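Thank you all for making time this morning.

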Amino acid sequence: MFALVGCAKQQPSDKVLAATASLPAVYPPISLLAAPTPEPARAEGGLSRLGTGASLTVVQSALSPALLVHSGERRLSVFAGLKERGLGGPAYAAFGADGGPRIVTNGLPADVSGMNERWVLVWFAGAAGWTNWDVPWAVFLSRRPSAMVLDQAGLHFEFSVPAGDVMLLPLYGYFK
């Protein structure tokens, strides 16, 4: 006894095509217009002060989604001031540590004594005001912090020396 089994590509019926064609697209149509010429990098407080002991310098450029922050202070807070915009601070932070990555929940202490990488990943899932979208961010540090606190007011670092350069980068982007 033999059985032959095969498959063939089935063509969808006209009813299926009509039903799916009327559904809205997930993303808006792609624009084929040329991108504008990017603006040169600008720094609040002037580029000449970057890295020369300025208390705080922020560099933003249309060439990169990252923000470069230079701080001459031993304390630095990021994602602060979100409450005034109706949003909560990051709900979670993760960082590389001895024994593997550690995840910190908002409001709980973070032990950074075993931090062996100079990056922190933060995301907002479940935080106040972040119900329709989320933007995970990578924070790259030039120096290892001596302390880190994640609370409703943001992500706070303390350093034994001035913080130096910190880069903030949204991962992949977002679509609201």
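In this predicted model, the count of aromatic pairs comes to five. One of them joins F79 and F124, an edge-to-face pair with 5.8 Å from centre to centre and 80° between the planes. That pair links distant parts of the chain, since F79 sits in the loop between β4 (75-78) and β5 (92-97), while F124 sits in the loop between β8 (115-123) and β9 (137-141), 45 residues apart.

Are these two residues buried or exposed? With buried meaning under 20% relative accessible area, F79 counts as buried because its relative accessibility is 15%, and F124 counts as buried because its value is 2%. F124 has another ring partner in W130: the two centres are 4.2 Å apart and the planes stand at 25°, so this pair is stacked. W130, like F124, is buried. Taken together, ring pairs link F79, F124, W130 and W137 into a cluster.

F79, in the loop between β4 and β5, has a positive phi of about 60° although it is not a glycine.

Which residues touch the most other members of the largest nonpolar core? That core holds 31 residues, and the ones in question are F79, V120, M148, L155 and F157. Several strands contribute to this core, with β4, β5, β8, β9, β10 (147-151), β11 and β12 (164-170) each supplying at least two residues. If we take V120 and leave aside its neighbours within four places in sequence, its contacts include A93, A94 and F95, then W137, A138 and V139, and also M148, L155 and F157.

Now to the strands around M148. β10 has a covered face made by M148 and L150, and an uncovered face made by A147, V149 and D151. What is the strand order in the open sheet of four strands? The order is β4-β11-β10-β7, with antiparallel pairing, and the edge strands are β4 and β7 (109-110), each of which pairs on one side only.

Going across that sheet, β4 and β11 (residues 154-158) pair in the antiparallel sense over four bridges, and R75 stands opposite E158 in β11. β11 then pairs with β10, again antiparallel, over five bridges, and there V149 stands opposite H156 in β11. These two strands, β10 and β11, form a hairpin with two residues between them.

Finally, let me step back to the whole chain. Buried residues make up 30% of the 176 residues. Among contacts with a separation of 6 or more, 55% are between residues 24 or more positions apart. As for the surface, the protein exposes about 12200 Å², of which carbon and sulfur atoms supply 60%.

Notes:
Residues are numbered from 1 along each chain as its sequence is written. This is a predicted model: local features need pLDDT of at least 70, side-chain atom pairs count only at pLDDT 80 or more; totals for chains, interfaces and linings use all residues. Side-chain values use heavy atoms; hydrogens and water are left out. Buried means under 20% relative accessible area, exposed over 50%, partly exposed in between (1.4 Å probe, protein chains only). Contact means heavy atoms within 4.5 Å. Accessible areas come from the Shrake-Rupley method with a 1.4 Å probe; for residues, only the protein chains shown count as cover. Rings of Phe, Tyr and Trp (its six-membered ring) pair if their centres lie within 6.5 Å; planes under 30 degrees apart count as stacked, over 60 as edge-to-face and the rest as tilted. Two strands pair if DSSP finds at least two bridges between them. A nonpolar core is a set of buried Ala, Val, Leu, Ile, Met, Phe, Trp, Tyr and Cys residues joined through side-chain atoms within 4.5 Å.
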